[in-house]
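Please read the points below with the sequence and the structure open beside you.

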Amino acid sequence: MSENSNVFDRSSRLLLEKPYWIAVAVVLALILLPVAVWLDLRHLSNESLMRQANDLNAVISEIRSYYARNVVGRIQQNGGETTIAHNYEEIDGGVPIPATLSIELGAIVGTKGDNIRYRFVSDEVFERRTRQRLDAFEAAALSSFREAHASEGDTVTEISGSLLERQIRIAVPVIMGQSCVTCHNGHPESPRKDWKVGDVRGIQAITVVQPLATNLFSFKYLLAYLLGAGFVGIAFIALQWRQGKQFLIVNNELEEANSFLASVSLKISKYLSPQVYKSIFSGERDAVISTERKKLTIFFSDIKDFTVTTERLQPEELTRLLNEYFTEMTSIAQAHGATVDKFIGDAILAFFGDPETKGAAEDARACLNMAIAMQRRMAELCQEWRKRGIENPFQVRMGINTGYCNVGNFGSEDRMDYTIIGAEANLAARLQSIAEPGGIVLSYETFALVDDMVRARPLEPITLKGISRKVVPYAVVDVPSAETKQQVLEENTGRFHLRVNFDGMELNEERQIEAALKSALDQLRRRRPQSGSA
């Protein structure tokens, strides 16, 4: 059984690896079919001719023997004198009349011819001659010939047979000629004395039998071809059935593997940001240690006094509250296109600019919109949490910075993490630390890209290890409405930059702006004469 399985397996692999063998087999089968038919037809013709030759040889030999014995021999025995009579055997030198010759030849042909029988029969025989028994076909043929006044050349045919052989019978009329009429009407033993020329005396019946088995085995080449084709077909069907069974098993295994992989990938997606997950499973990013330096906008948030809050809540309630917070914030981050790097305790690190970016300005604006949406959602959550009995709900501080960081896969060959490193990421965490609860603090690099979106006030400069310059933080004060934005005057040329926000402007600010503008005008006026003289 195993050997057969190995043969099927090898055959299956051969057909799968080299399918052109199927085409070769089909072409060969198409070529061999007409060849087999031609060989069988030739063999059939040879066999048929051989049987006919053998039958004809036997018949002729018997006729020759009959003629030598009953004609030539009897004449010689009577000294050359002869008498033509139906009872020639009783007369010395007698030879048979044509009717007697036909009857006796029929007996000879029927005995020596294996597949051919000949009968000369009539329902009106001489008195001392044995009466012949006509079968149904012979009687019907004789009757029809007489009713139709048949002539030479008329025939009656019957084709019959069984499952294993076929038979054809042909009857032709024996027409009385003048010599026959004279002989019969004048013979004392003739059953009739009123014969006329053209009367039907009897019939000649020829029967040819052909066994089907003979013809069947004559097509030995075609049978061999069909047997071979049948064997190949059965083998091919068995091979296809086996392959189909194997394919079904493989498909089931693949479906199970796909279901398992889909389940695993769904679980893995919970540990990766959508952008990273998509880039890995689409083949855009390889799981190799590699980094690149990019300009990113980094977001860092932290819960104020989280340690104190944990002491006031039960672990189960704290876990549920923290998971709810992370779920809400992550949903907002994903909606704005952020790459959520990691959760560090109660802190969230996210960034814009990799693996997808819309440019530094758009990334910064998207990050600020995200932070604003988060703080607004936190205000709603605080109300809900207070209704649920949380006395001191979470208050979140947020920091945003724009700068160059190294981003990519960090770690070892066996374990790596997609993240960012660099002083700019640390600056975002530092900015968060100086923000008010519920507030957002921006670096100048970020504020310069989003200054038309929010009102912000500068804070005291800070320093940070790894950054040589002093950093001026900007605390977001308000998000102007559309009407407020219309109260901002901006004018920019190559050497002139003017931006005045009239909304909420106090008197001392107006005087400072007026003085600055007046000083600028005075300097412009003093330069005009010098320019003119030049």
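1. Helices (H or I, at least four residues) and strands (E, at least two) are DSSP runs, numbered from the N terminus. With that in mind, Asp305 lies in the loop between strand E7 (290–303) and helix H9 (306–312). Although Asp305 is not a glycine, its phi is positive, at about 55°. Asp305 is partly exposed, with a relative accessible area of 43%, where buried means under 20% relative accessible area, exposed over 50%, and partly exposed in between (1.4 Å probe, protein chains only).

2. The model is a predicted one, in which local features need pLDDT of at least 70 and side-chain atom pairs count only at pLDDT 80 or more, while totals for chains, interfaces and linings use all residues. Residues are numbered from 1 along each chain as its sequence is written, and side-chain values use heavy atoms, with hydrogens and water left out.

3. His149, in the loop between helix H4 (136–147) and E4, also has a positive phi, near 50°, in a residue other than glycine. His149 counts as exposed, because its relative accessibility is 69%.

4. Ile159 is found in strand E4 (residues 156–161) and is exposed, with a relative accessible area of 59%. Together with Ile116, Ile168, Ile170, Ile206 and Val208, Ile159 forms a nonpolar patch on the surface, with about 430 Å² of accessible area in total. Strand E5 (165–175) and strand E6 (200–211) are the elements that give two or more residues to this nonpolar patch. Patches are made of residues with over 30% relative accessible area and no salt bridge, with like charges joined within 9 Å and nonpolar side chains (Val, Leu, Ile, Met, Phe, Trp, Tyr) within 5 Å. Accessible areas come from the Shrake-Rupley method with a 1.4 Å probe, and for residues only the protein chains shown count as cover; a salt bridge is a side-chain nitrogen of Lys or Arg within 4 Å of a carboxyl oxygen of Asp or Glu.

5. Which feature joins Asp354 and Pro355? A cis peptide bond does, with omega at about 0°, and Pro355 is found in the loop between strand E9 (347–352) and H11.

6. Just after H11, Gly389 takes a positive phi of about 95°.
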